[in-house]
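User: I have a model open and want to go through it. Can you walk me through what was computed?

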Amino acid sequence: LRLAQGHQDPLLHPPAPGRPDRHRGRGLRLLHAVRRHGCESRVSGVNGWDESQPYRVFVDESEVNGYSITAVYVRPQDVHKVRTMLRKHLRSRQRSIHFTKERPKIRNAVISDIVKMPIKVELYKVAEKHRESRSICLQALAEVLRDGKCQQLVLEQNDSLCDSDRRVLRESLGSGWSGTYDHLRAHQEPLLWLPDAISWCWNKGGSWRDKLSSLDLKIIPLPR
């Protein structure tokens, strides 16, 4: 993982003299956790992911077994192809794929296609869900993306969280970040089905988790 240099997020840097810093301890613990590369990684080597090339990132959350966000990296030139591969699994009048509602046959077919896609996946996880879980995970992802070649970050839209997400991203990415971040519904962006499916399989465990073994997938545990 690469970390931002000179990042001025108040969670990671001390405040001006005389001002309280109630977030500094948590921010430092988070930064140190990412620096230690505290993760289990399983890299297939098939995709040969080159972070020096532009990419887009699509994110969904899960509240199973604690809290996590799954980030899927896709090359701009692969976006149309991946969307087409996913849309072919839609039933008549169906607008999006949500793994918790799908039949095993559809899940198997979708995952079979996903593991063949030229993508990279990162799953940021805290052991227990609490009110700051999403911010912690999102901040960790933003720290990785800030100095990279990310053109666009897309999060599945939850109206109650949009303002908080924007605050975290604005502080963590900084004013010099050249990419964009957006909130979209799952039916508006099929690439959001990717983190939903991968997260479901990982959290389900057993044979479903095994189906992800050929993906370029990294699990990143974070402190509370």
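Predicted model: local features only at pLDDT ≥ 70, side-chain atom pairs only at ≥ 80, totals over all residues.

User: Where does Leu184 lie, and what does Leu184 touch?

Analyst: Leu184 lies in strand E6, residues 180–184. Helices (H or I, at least four residues) and strands (E, at least two) are DSSP runs, numbered from the N terminus. Not counting residues up to four places away in sequence, Leu184 touches Val154, Leu155, Glu156, Gln157, Glu189 and Leu192. Contact means heavy atoms within 4.5 Å. Gln157 is 27 residues from Leu184 along the chain, and their C-alpha atoms are separated by 4.9 Å.

User: Stepping back, how many helices and strands?

Analyst: The protein has seven helices and seven strands. Along the sequence the pattern is α-β-β-β-α-α-β-α-β-α-β-α-α-β. Of the 224 residues, 48% are buried. Among contacts between residues at least 6 apart in sequence, 75% join residues at least 24 apart.

User: Now H3. Which residues of helix H3 are buried?

Analyst: In H3 (residues 104–114) they are Ile106, Arg107, Val110, Ile111, Asp113 and Ile114. Seen down the axis of H3, these buried residues fall within an arc of 160°, so they line one face of the helix. The arc is that of the directions from the helix axis to the C-beta atoms. An α-helix has 3.6 residues a turn, so residues three or four places apart point the same way.

User: What do the buried residues of H3 pack against?

Analyst: They pack against helix H2 (79–87), strand E4 (119–126), helix H6 (193–204) and helix H7 (206–210).

User: And H6, how many of its residues are buried?

Analyst: In H6, 11 of its 12 residues are buried, so to speak mostly covered. Among them are Trp193, Leu194, Pro195 and Trp200. The 12 residues of H6 should span 16 Å at 1.5 Å a residue, and its end C-alpha atoms are 16 Å apart, which agrees. The expected span is 1.5 Å times one less than the number of residues. Just after H6, Gly205 takes a positive phi of about 75°.

User: What about H4?

Analyst: For H4, 13 of the 13 residues are buried, so the helix is largely enclosed by the rest of the structure.

User: Changing topic. How many aromatic pairs does a search of the whole structure find?

Analyst: Four. Rings of Phe, Tyr and Trp (its six-membered ring) pair if their centres lie within 6.5 Å; planes under 30 degrees apart count as stacked, over 60 as edge-to-face and the rest as tilted. Tyr55 and Tyr73 have ring centres 5.1 Å apart and planes at 40°, so that pair is tilted. Tyr55 is in strand E2 (residues 55–62) and Tyr73 in strand E3 (residues 67–74), 18 residues apart. Tyr55 is buried, with a relative accessible area of 1%, and Tyr73 is buried with a relative accessible area of 1% too. For Phe99 and Trp200, the ring centres are 5.7 Å apart and the planes at 70°, so the pair is edge-to-face. Phe99 lies in the loop between H2 and H3 and Trp200 in helix H6, so this pair ties together parts 101 residues apart in sequence.

User: Which residues form one aromatic cluster?

Analyst: Phe99, Trp200 and Trp208.

User: Last one, the largest nonpolar core. Which members touch the most others?

Analyst: Of its 32 residues, Leu86, Ile114, Ile119 and Leu194 touch the most other members. A nonpolar core is a set of buried Ala, Val, Leu, Ile, Met, Phe, Trp, Tyr and Cys residues joined through side-chain atoms within 4.5 Å. The elements giving two or more residues to this core are E3, H2, H3, E4, H6 and strand E7 (216–221). H6 gives the most, with seven residues. A second, separate core of 27 residues includes Tyr55, Ala71, Val144 and Leu222.

Methods. Residues numbered from 1 in each chain as written. Heavy atoms only, no water. Buried < 20%, exposed > 50% of the residue type's maximum accessible area, 1.4 Å probe, protein only.
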